[in-house]
Amino acid sequence: MTSHVLSQLRSLEAESIHIIREVVAEMQRPCLLFSGGKDSIVMLHLAAKAFAPARIPFPIMHVDTGLNFPSVLETRDRWVERLGVQLVVASVPEAIERGLVQEEPNGSRNRIQTPVLLEAAEKNGFDALFGGGRRDEEKARAKERVFSFRDDFGQWDPKNQRPEVWDLYNGRVHQGESIRVFPLSNWTELDIWAYIEAEEIDLPDLYFATEREVVDRGGMLFAVNEFTPLKDGETAEVRSVRYRTVGDANLTAAVASTAATRAEIVEEVAAVRLTERGATRGDDKVSEAAMEDRKREGYF
Amino acid sequence: MSTETTTSTTTAAQQAIDTSADLLRFATAGSVDDGKSTLIGRLLFDSKTIFSDQLEAVEQVSKDRGNDYTDLALLTDGLRAEREQGITIDVAYRYFATPKRKFIIADTPGHIQYTRNMVTGASTADVALILVDARKGVIEQSRRHTFLATLLGVPHIVVCVNKMDLVDYSEEVFETIRKDFTEFASRLRVPDLTFIPISALVGDNVVHRSEQTPWFDGRPLLSHLETLHVASDRNLQDVRFPVQYVIRPQSHDARDYRGYAGTVAGGVLKPGDTVRVLPSGLETTIEAIDTADGPVAEAYPPMSVTVRLTDEIDISRGDMICRPNNSPAALQDIDAQICWMDESAPLVQGKKYAIKHTTRWARAMVKDVKYRVDVNTLHRDEDATEIRLNEIGRVQLRVTQPLFVDPYRQNRRTGAFILVDEATNKTVAAGMVGSLPHAS
């Protein structure tokens with residue numbers, strides 16, 4: 001006789017699986033947004049679990065900014081191959097070429113990927129997009145629903161969200177409208193890592209510490225490579241670093257770390273004193289309401 | 001399921017996933033001035049959940065505003081509109097963990113116009129924290145929050161008598177509030193009621209025991225939340241398994257597989273159990289309970305599993321698996337309490353809505369508005385014919401097809417439903433099934 005108490009990681013897993021199944025049961029054409037980062041990988045892993053032994057019954061979409069770390073693409077392709085899932089690629093460079101969006105002066109493609117995402121979703125008729133966002137990441141996310149309604153421009157209206165009671169999700173939409181679904185809403189960064197460790201989940205090697213050539217820019221450590229070459233007057237140094245988030249290669253900084261295995265990362269994350277985005281993402285530092293503004297425009 | 005090569009040995013991490021701490025969801029409600037945000041900030045801060053960049057930002061803003069204390073309430077500030085207006089608009093979710101438990105806080109605004117947000121937060125909560133300002137005592141808002149928490153079936157209520165530092169940590173003040181509150185609560189169904197004297201601002205009895213309240217023999221808030229027994233709140237007696245999705249792989253190696261995926265809503269399911277499937281009423285046996293990690297010996301709430309049955313019977317989403325001698329009621333006429341959540345139109349007698357109950361959608365007509373409850377005085381207005389935004393009422397619904405329901409008091413999953421406006425697709429009401437007709 002067991003106590004019939006589910007551990008918190010199993011509770012989170014069960015909740016995510018419930019959400020993913022609910023979307024597939026109720027929506028016409030769902031799609032999972034896959035960035036190659038740890039959260040979208042965990043989400044994909046959960047999707048595979050939700051339908052086993054059948055295959056995942058929806059495609060995944062990668063909004064390719066053209067600024068990917070090579071190991072992220074390799075990891076993406078390994079997952080696609082292993083799960084036999086259909087991959088849709090929405091290309092930002094291609095969208096720049098045909099004039100849908102314009103390169104921003106600061107070189108960030110974070111904002112211009114939104115129109116590319118929205119266009120691809122519309123073209124494919126996706127009425128539900130799974131995203132790996134977590135509520136512990138950021139203030140605006142803390143108030144977003146699991147089933148987050150978007151109007152026919154893909155916009156989020158924080159003041160006009162559907163009430164979400166119990167686990168009775170309402171995905172009903174009119175033609176052109178859609179929902180974003182966040183199955184990992186209640187996971188924290190530490191939960192994600194503890195789960196990755198327990199489930200031995202395959203990640204890009206960027207997440208693991210090794211000696212890399214880096215340059216220190218205002219406390220942020222950028223790897224010296226084709227995306228972030230040394231500027232005049234800068235000197236590179238070799239340090240043991242790893243990535244806590246994997247965004248665009250020209251914007252994502254590494255953190256000093258010696259955590260080279262999943263278990264060591266769990267320990268490190270448990271002790272760490274800076275938020276993920278605060279530590280490593282140049283793109284989120286713009287203003288206090290940066291994320292809220294981007295979400296209103298249709299960003300994740 | 002390990003997505004990499006499977007090995008026969010289990011690592012410590014793999015075991016830890018099943019033995020890790022459990023989860024406790026609690027809801028807080030309150031307005032800006034009763035110290036709710038400060039209390040949450042204090043819990044996050046004293047449990048070392050706050051990151052240093054967040055704390056620095058808050059310290060800077062406090063300094064800029066000329067505050068004497070670091071305003072921990074700023075930690076829970078959300079949207080820009082809220083910062084501009086100095087109010088909380090919506091439910092915000094916060095997370096923290098101690099070695100004993102992971103906590104999910106549904107942080108909801110306290111004003112009456114945000115009743116629907118509080119209902120949202122309370123719907124899944126194990127515990128409701130009610131804040132009472134020690135200087136003001138039990139006020140209308142405390143009563144409203146408590147009423148809503150009990151309406152939503154929150155099994156544990158913790159009353160934090162806050163700002164004890166402003167009443168000289170007076171035992172007498174605390175006892176008066178305890179007495180007033182207990183008297184009021186006796187009119188409601190409160191299975192478990194606890195009182196704690198705190199000061200969120202300076203930290204008395206939040207995480208650490210206060211030396212200012214030697215007369216208080218209870219535990220500080222966090223320690224109370226860590227040890228509260230919530231496992232027995234779930235219904236483990238009545239087997240309820242709403243079928244969510246039918247898994248039928250279209251592949252060579254699993255061609256004959258047919259499994260019914262879902263989340264256990266009540267009871268404990270085991271292979272070999274005789275089960276009845278509604279609405280057909282057919283009986284069969286559980287062949288196996290699958291997960292992606294392999295079969296399990298039993299399934300209980302809130303596990304998400306896939307059930308296989310020995311006989312091939314026609315089962316689809318929205319069907320309910322239960323036990324032959326223990327079924328939910330199959331009802332088309334439903335008596336329920338509802339909280340109305342739509343600002344654009346009230347609930348009116350005779351109108352039709354879409355209804356979602358477990359995994360089943362149907363249509364429902366409001367046959368009768370029996371009464372409307374004043375959430376502040378608990379007074380029932382039996383002449384009411386409509387229920388407006390943030391109001392609670394009792395209604396009689398006629399549904400197009402039978403729903404397999406239990407009274408909400410017996411099961412918070414199979415006793416709950418939502419109403420959806422068919423024109424706007426908005427979720428307009430949260431509903432709780434009341435008493436069932438006799439001998440049906």
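Two residues are in contact if their C-beta atoms, placed from the backbone, lie within 7 Å. By that rule, residues 24 or more positions apart account for 70% of the contacts in chain B that have a separation of 6 or more. The model is a predicted one, in which local features need pLDDT of at least 70, side-chain atom pairs count only at pLDDT 80 or more, and totals for chains, interfaces and linings use all residues. Residues are numbered from 1 along each chain as its sequence is written, while chains are lettered from A and ligands numbered from 1 in the order in which they are written.

The predictor gives the complex an ipTM of 0.92 and a pTM of 0.92. In chain B the mean pLDDT (the predictor's confidence in each residue, from 0 to 100) is 88, and 90% of the residues reach 70 or more. Over residues 1-8 of chain B, however, pLDDT stays under 50, and the model has 12 contacts beyond four places in sequence for them. Where pLDDT is low, the predicted coordinates should not be read in detail.

The C-alpha atoms of chain B fill a box of roughly 70 × 65 × 40 Å along the principal axes. Of its 440 residues, 48% count as buried, which means that 20 or more other C-beta atoms, placed from the backbone, lie within 10 Å of the residue's own.

Turning to chain A, the domain assignment, which is automatic or from a database, gives domain 1 (8-187 + 289-297) and domain 2 (191-284). The C-alpha centres of domain 1 and domain 2 of chain A lie 23 Å apart, and the contact takes 26 residues from domain 1 and 25 residues from domain 2.

Key: Buried ≥ 20, exposed ≤ 12 C-beta atoms within 10 Å, placed from the backbone.
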